[in-house]
Amino acid sequence: MASLFFLFLLLLLPLVVLLLLLAVIVRPRPVRIPLKGRHVLVSGGSSGIGFALARRAAAEGARVSILARDPDRLRDARDAIRRDTGVDAAALTADVRDPAAVGRALEAVGPVDVLVCNHGVFVPQELERQSLEEVRFMVEVNLMGTFHLIKAALPAMKQRGKETGLPASIAIMSSQAGQVGVYGYTAYSATKFGLRGLAEALQHEVIMDNIHVTLIFPPDTDTPGLAEELKRRPEITNVIAASSGGMKADDVAQKALNGIKSAQFVVPCNFEGTMLSIATAGLSPQRSYLMAFNEVLGASLMRFVGLCFQWNWFSAIEKWHAEKKRK
Ligand SMILES: NC(=O)C1=CN([C@@H]2O[C@H](COP(=O)(O)OP(=O)(O)OC[C@H]3O[C@@H](n4cnc5c(N)ncnc54)[C@H](OP(=O)(O)O)[C@@H]3O)[C@@H](O)[C@H]2O)C=CC1
Ligand SMILES: CCCCCCCCCCCCCCCC(=O)[C@@H](N)CO
């Protein structure tokens with residue numbers, strides 16, 4: 001009996017040592033980003049996830065600015081935020097593809113404490129059938145638009161951080177299609193994978209300015225954008241995307257905001273997303289020693305689970321092609 005207990009302790013010991021080691025080495029160090037009274041700017045804040053996020057930030061006492069192209073939708077969103085929270089959000093009309101317009105918009109509202117690059121466009125299609133114009137459109141909006149926002153916001157953000165001594169945040173909306181390539185998403189996945197490279201490198205560059213980068217990876221989320229997308233999404237893309245459960249915009253917004261407040265680098269939004277994040281942890285920064293522990297121990301199991309998913313997806317593609325041929 002006593003020797004069994006001893007054996008158990010012996011097996012446990014390496015895990016405890018690993019946990020302690022991780023607690024010492026994880027970087028960057030954990031930090032909390034306060035929201036109350038701070039300036040939160042959300043691009044794409046007039047619809048879907050961005051709107052839900054802006055409204056939640058307002059409800060938590062932040063000063064909120066929303067940025068998008070269509071002034072009518074912006075006005076409706078601002079009215080809804082006022083109705084639900086009593087907060088007057090600033091509505092900024094700008095196309096993120098236009099760096100000068102983005103610069104003017106940011107200048108008008110002053111320094112940002114939490115920049116949420118959430119805007120995004122998604123036009124699913126097989127690459128062979130998709131026009132280069134559509135590919136370029138997604139790259140310009142999703143990828144270049146995010147560069148434009150960050151370049152425009154960073155100098156004043158740094159300056160303000162120096163004055164207040166408070167940590168600031170740059171959050172970027174990726175997608176689970178930015179963690180795994182999916183049929184019909186060659187261009188879209190490329191932009192969302194691209195944002196990860198941007199975010200990892202940027203975190204190195206701004207850590208000494210007390211700025212913390214957060215990358216959010218939602219699954220299919222019920223938004224006006226998704227409704228449009230579904231009108232033309234290839235059937236097999238629907239099948240693969242359904243491997244991860246769909247979510248409501250407000251639930252994604254809550255996960256995102258919690259992730260921003262605790263300065264998580266990677267923010268998964270559902271259970272499948274957590275598995276996906278462990279499977280694709282790579283060399284991304286990790287502040288939580290508990291998550292680091294899960295990543296270290298879960299890596300090989302999640303690799304195996306990922307291979308099972310790929311098996312399933314390639315089988316579905318094969319079957320779909322066979323059926324198409326028969327028709
Ligand atoms: N819904 C989903 O299934 C998922 C979404 N995501 C990502 O979440 C983000 C939000 O998606 P969702 O809420 O569904 O999108 P919506 O289409 O509902 O809203 C998109 C927002 O972005 C704005 N926007 C689009 N293009 C530009 C532009 N060129 N300049 C400025 N603003 C722009 C839109 O306003 P306007 O058109 O007026 O400019 C709108 O406010 C995107 O980055 C998307 O890739 C990730 C995973 C899943
Ligand atoms: C190791 C374990 C793996 C676990 C399961 C993986 C499931 C992956 C599903 C990918 C779905 C991609 C949806 C993209 C939604 C999106 O971005 C568009 N709606 C555009 O907005």
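Close-up 1. The shell around ligand 2 holds 21 residues, and F122, S175, M275, A279 and G306 come nearest; a residue is near a molecule if its C-beta atom, placed from the backbone, lies within 6 Å of it. Helices α7 (224-230), α10 (271-279) and α11 (289-326) each supply at least two residues of this shell. Helices here are DSSP runs of H or I with at least four residues, numbered from the N terminus. By class, the shell has 13 nonpolar, five polar and three charged residues. Ala, Val, Leu, Ile, Met, Phe, Trp, Tyr, Cys and Pro count as nonpolar, Asp, Glu, Lys and Arg as charged, and the others, Gly among them, as polar.

**Close-up 2. The packing of helix α4 against helix α5.** Two packed helices are described by the angle between their axes and the distance between the axes. Helix α4 (residues 99-109) and helix α5 (residues 132-164) lie with their axes 9 Å apart, at an angle of about 40 degrees. This angle makes α4 oblique to α5; angles under 35 degrees count as roughly parallel, over 145 as roughly antiparallel, 65 to 115 as roughly perpendicular and the rest as oblique. Axes are lines fitted to C-alpha atoms over the stretch in contact, and angles run from 0 to 180 degrees between N-to-C directions. The crossing of α4 and α5 is right-handed, a term for a near helix turned clockwise from the far one by less than a right angle. On α4 the contact is made by P99, V102, G103 and L106, and on α5 by H148, L149, A152 and A153. Residues are in contact if their C-beta atoms, placed from the backbone, lie within 7 Å.

**Close-up 3. The crossing of helices α2 and α3.** The axes of α2 (residues 48-59) and α3 come within 10 Å and cross at roughly 35 degrees. This crossing is right-handed. F51, A54, R55, A58 and A59 of α2 meet A77, I81, D84 and T85 of α3. The contact residues divide into six nonpolar, one polar and two charged.

Close-up 4. L74 counts as buried because 22 C-beta neighbours lie inside 10 Å; the cut-off for a buried residue is 20 or more. Apart from neighbours within four places in sequence, L74 is in contact with S46, I66, A68, A91 and T93. The C-alpha atoms of L74 and L92, 18 residues apart along the chain, are separated by 7.8 Å.

**Notes.** Residues are numbered from 1 along each chain as its sequence is written, while chains are lettered from A and ligands numbered from 1 in the order in which they are written. In this predicted model, local features need pLDDT of at least 70 and side-chain atom pairs count only at pLDDT 80 or more, whereas totals for chains, interfaces and linings use all residues.

Key: A residue is buried if 20 or more other C-beta atoms lie within 10 Å of its own, exposed if 12 or fewer, and partly exposed in between; C-beta atoms are placed from the backbone. Two residues are in contact if their C-beta atoms, placed from the backbone, lie within 7 Å.
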